[in-house]
Amino acid sequence: MAGDLKLSSVTRDLTRIERIGAHSHIRGLGLDSSLNPRSVSEGMVGQPSARKAAGVILHMIREGKIAGRAVLLAGQPGTGKTAIAMALAKSLGEETPFAMLAGSELFSLEISKTEALTQAFRRSIGVRIKEETEVIEGEVIELQIDRAAASAAPSKTGKLLIKTTEMETTYDLGAKMIEALTKQKVQSGDVIVIDKASGKITKLGRSSSRLRDYDAVGPQTKFVQCPDGELQKRKEVVHCVTLHEIDVINSRTQGFLALFTGDTGEIRAEVREQIDTKVAEWREEGKAEIVPGVLFIDEVHMLDIECFSFLNRALENDMAPILVVATNRGITTIRGTNYKSPHGIPIDFLDRLLIITTQPYTEEEIRKIIDIRCQEEDVEMHDDAKGLLTKIGVTTSLRYAIHLITAAALACQKRKGKLVEMEDISRVYQLFLDVKRSTQYLVEYENQYMFNEVPREGDDDDAMHS
Ligand SMILES: Nc1ncnc2c1ncn2[C@@H]1O[C@H](COP(=O)(O)OP(=O)(O)OP(=O)(O)O)[C@@H](O)[C@H]1O
Ligand SMILES: [Mg+2]
């Protein structure tokens, strides 16, 4: 099998689903060109040293040569650890793979923990493969589609007259080509590339000889030179796929559909070995390059000792991605053992990590984050109301304050208001409890709940805040 390894032409946008929600306002780390954080930029506010450190990591990743580094984001709940990881992902660009996994997910999958981790690792390692393909590249002189005379059925044949500066040729078109050309809205004067193997058509732009056709031109039209030389030529194209994508496509049971359903099951070790050997061969021949990406494991304290040993080993591999983990735990038990350690992470693994800490936000920063979230959620809010929400954020938590934005907007809608006012905020503040008030309530009414156990001194919680 290894000889004719299959490759996907699955495009990135099908496999990477954009998440909207808690972090949708974050578009990047908001750094300037010398990696210093701008105070508010790309949806990010404050947290300067953590963002700067993340910027250094970003730089390491862009260099692409460093494998197997690992970073820990540690800090209190709601201080932006996940936000920073998402920002890092956004700053990486389309080509660099980014995979994300929450520690708790590992225990709810049908596959084993180590298989899930292996898949996550291989999702975050890209392979850039160079291939030569035959293409037809030229300027369309005439596109003629023959409509079947009597019927209303879509036309089936046609002709394409296309030229370079040196030659021109007419090609007969089949239904598939006609469909592709129609879909791309190709018309005479366009410069196009047709991939001969796949039939894929790419529009490069309008020929600059048509500069004077004002009527046919929209504001974003790009003008390009009419290509020279032969119409048919060999062109180098570059695909970027992850090792995991190659694994899935080549694994016997599911094939390529599994990439869409996500239902990949366990992949046999032999398949992976063959793929690794093949990729190594390609690298030697200069046909492929490894693009180490980022694997982000959130809630890393949920991993158990077996997972940590696995990570230890996996980071030694020369194709390892950069691993970013995050936790809000202080000194706590390492899952699967009776030992306690910082963040619930074994000391030997901790020793490999570069640690970035996040700090609680100031009132002003909370205000700015609330501003940004109001914009993101399309909520118009009175300044006083924002002020009140900020106060609530300071005394309860940033997350709670962010959650109240949508709720308050609904309250406002209900009274047919246009602008969210203080009254809306105080209504939802009374309607939904924050942690402190909820705990207080529980203490007052403890007898009315089932399985009630009064917490003993000292074992209440091991989160960093207490
Ligand atoms: N510096 C920031 N700029 C803009 N938005 C932020 C910033 N920090 C946090 N947020 C937003 O505040 C909310 C809480 O932050 P986040 O989820 O990143 O906290 P966390 O540190 O991961 O908390 P936990 O430990 O509970 O997982 C999110 O909606 C996040 O997008
Ligand atoms: Mg988080």
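Student: Where does serine 124 lie in this predicted model?
Tutor: Serine 124 is in the loop between α4 (113-123) and β5 (125-146).

Student: Why is serine 124 called buried?
Tutor: The relative accessible area of serine 124 is 0%. Buried means under 20%, so serine 124 counts as buried.

Student: What makes the pair of alanine 120 and serine 124 a polar contact?
Tutor: A polar atom of the serine 124 side chain lies 3.1 Å from the backbone oxygen of alanine 120. The limit for N or O atoms is within 3.5 Å, with one atom able to donate a hydrogen and the other to accept it. The pair therefore falls inside the distance limit.

Student: Which residues does serine 124 touch, not counting those up to four places away in sequence?
Tutor: They are Pro97, Ala99, Val291, Pro292, Gly293, Val294, Leu295 and Pro321. To touch here is to have heavy atoms within 4.5 Å.

Student: How much of the protein chain is buried?
Tutor: Of its 466 residues, 44% count as buried.

Student: How many cavities of 30 Å³ or more does a search of the whole structure find?
Tutor: The search finds one. The largest cavity holds about 50 Å³ of space.

Student: Which residues line the largest cavity?
Tutor: The lining consists of Ala54, Ile57, Val71, Leu73, Ile84, Ala85, Leu88, Val324 and Ile356. Two or more lining residues come from each of α2 (48-63), β3 (70-75) and α3 (81-92). Of the elements, α3 gives the most, with three residues.

Student: How do you know what kind of lining the largest cavity has?
Tutor: Ala, Val, Leu and Ile are among the residues that count as nonpolar, so the lining divides into nine nonpolar, no polar and no charged residues.

Student: What is phi of lysine 185?
Tutor: Phi of lysine 185 is near 55°, a positive value in a residue other than glycine. Lysine 185 sits in the loop between α5 (175-183) and β8 (190-195).

Student: Why does lysine 185 count as exposed?
Tutor: Lysine 185 has a relative accessibility of 63%. Exposed means over 50%, so lysine 185 qualifies.

Student: And why is glutamate 299 called partly exposed?
Tutor: The relative accessible area of glutamate 299 is 32%. That value lies between the 20% and 50% limits, so glutamate 299 is partly exposed. Glutamate 299 is in the loop between β13 (294-298) and α9 (305-314), and phi of glutamate 299 is near 50°, a positive value in a residue other than glycine.

Terms used: Residues are numbered from 1 along each chain as its sequence is written. Chains are lettered from A and ligands numbered from 1 in the order in which they are written. This is a predicted model: local features need pLDDT of at least 70, side-chain atom pairs count only at pLDDT 80 or more; totals for chains, interfaces and linings use all residues. Side-chain values use heavy atoms; hydrogens and water are left out. Helices (H or I, at least four residues) and strands (E, at least two) are DSSP runs, numbered from the N terminus. Buried means under 20% relative accessible area, exposed over 50%, partly exposed in between (1.4 Å probe, protein chains only). On a 1 Å grid over the protein atoms alone, a cavity is a set of points where a 1.4 Å probe fits but cannot get out, and a pocket is an open set with protein on both sides within 12 Å along at least five of seven lines; lining residues have an atom within 4 Å of a point. Grid points are joined across faces, edges and corners, and a volume is the space filled by probe spheres set on the points.
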